[in-house]
Amino acid sequence: MYLPLYYTLATTLWENDAQIHGPIVLSVSLYLLWQSRENLLYPANPKPMPKLGWGLLVLGLLLYVIGQSQSILMFAVGSQIPILLGILLISQGMRAVRIAWFPILFLVFMVPLPGFLVDAATNPLKQHVSSLAEQILYALHYPVARSGVVITIGPYQLLVADACSGLH
């Protein structure tokens with residue numbers, strides 16, 4: 001079900017430097033799940049929780065369908081988490097979820113954040129960095145002026161680009 005999505009991500013979003021961590025996160029999560037496969041497949045005293053599991057599974061499937069049909073990658077990629085949790089709860093119960101909690105929740109870092117959210121979080125950082133750079137250059141006796149995130153030093157203009165905030 002997710003192979004077409006992974007192909008789309010590999011040929012679009014994951015080619016961008018800001019999202020290159022996506023395949024790494026996916027690989028680490030799959031490796032960690034593979035390492036605990038014995039405990040997940042054959043747990044001691046499985047106590048399935050079908051009501052909660054089916055609820056999460058249906059929620060995840062709805063997110064996936066909406067994400068794929070409307071090209072909302074955040075929904076399509078994020079749907080993996082409730083689907084995996086739902087499958088584990090239906091088949092094995094809460095004990096399996098406790099075993100696999102880290103690899104499943106680690107997938108959160110693979111979910112692409114919307115641009116408006118990243119911009120809202122990083123714009124104050126850009127403003128602060130440009131202000132600090134202006135103050136340092138002024139203290140070093142450079143002819144400096146600043147307008148927003150554009151710093152003018154004599155005849156030259158510098159633009160403070162998007163900061164690497166770690167949000168990606």
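**A sheet and a pocket in a predicted model**

User: Which residue of β3 is the bridge partner of V150?

Analyst: In this predicted model, V150 has L159 as its bridge partner in β3.

User: And how many bridges join β2 to β3?

Analyst: Strand β2, residues 150-153, is joined to strand β3, residues 156-159, by 4 bridges. The two strands run antiparallel.

User: What about the residues between those strands?

Analyst: The hairpin of β2 and β3 has 2 residues between its strands. In this hairpin, G154 takes a positive phi near 60°.

User: In what order do the strands of the sheet come?

Analyst: The open sheet has 3 strands in the order β1-β2-β3, with antiparallel pairing. At the edges are β1 (144-147) and β3, each of which pairs on one side only. From one strand to the next, the twist averages 20°.

User: Which helix packs on the sheet?

Analyst: Helix α8, residues 115-139, packs there and touches β1 and β2. The direction of α8 makes about 165° with that of β1.

User: Changing topic: how much space lies in the largest pocket?

Analyst: The largest pocket holds about 470 Å³ of space. It is lined by 19 residues, of which L30, L33, L40, L84 and L88 are the closest to its centre.

User: Which helix gives the largest share of that lining?

Analyst: Helix α6 does, with 6 residues. At least two lining residues come from each of α2 (22-35), α3 (37-41) and α6 (80-91).

User: How many of the lining residues are nonpolar, polar or charged?

Analyst: The lining of the largest pocket has 14 nonpolar, 4 polar and 1 charged residues.

Notes. Residues numbered from 1 in each chain as written. Predicted model: local features only at pLDDT ≥ 70, side-chain atom pairs only at ≥ 80, totals over all residues. Heavy atoms only, no water. Pairing = 2+ DSSP bridges. 1 Å grid on protein atoms, 1.4 Å probe; cavity = no way out; pocket = protein on both sides within 12 Å on 5 of 7 lines; lining within 4 Å. Points joined across faces, edges and corners; volume = space filled by probe spheres on them. Nonpolar A, V, L, I, M, F, W, Y, C, P; charged D, E, K, R; others polar. Axes fitted to C-alpha atoms, helices over the stretch in contact; angles between N-to-C directions. Contact = heavy atoms within 4.5 Å.
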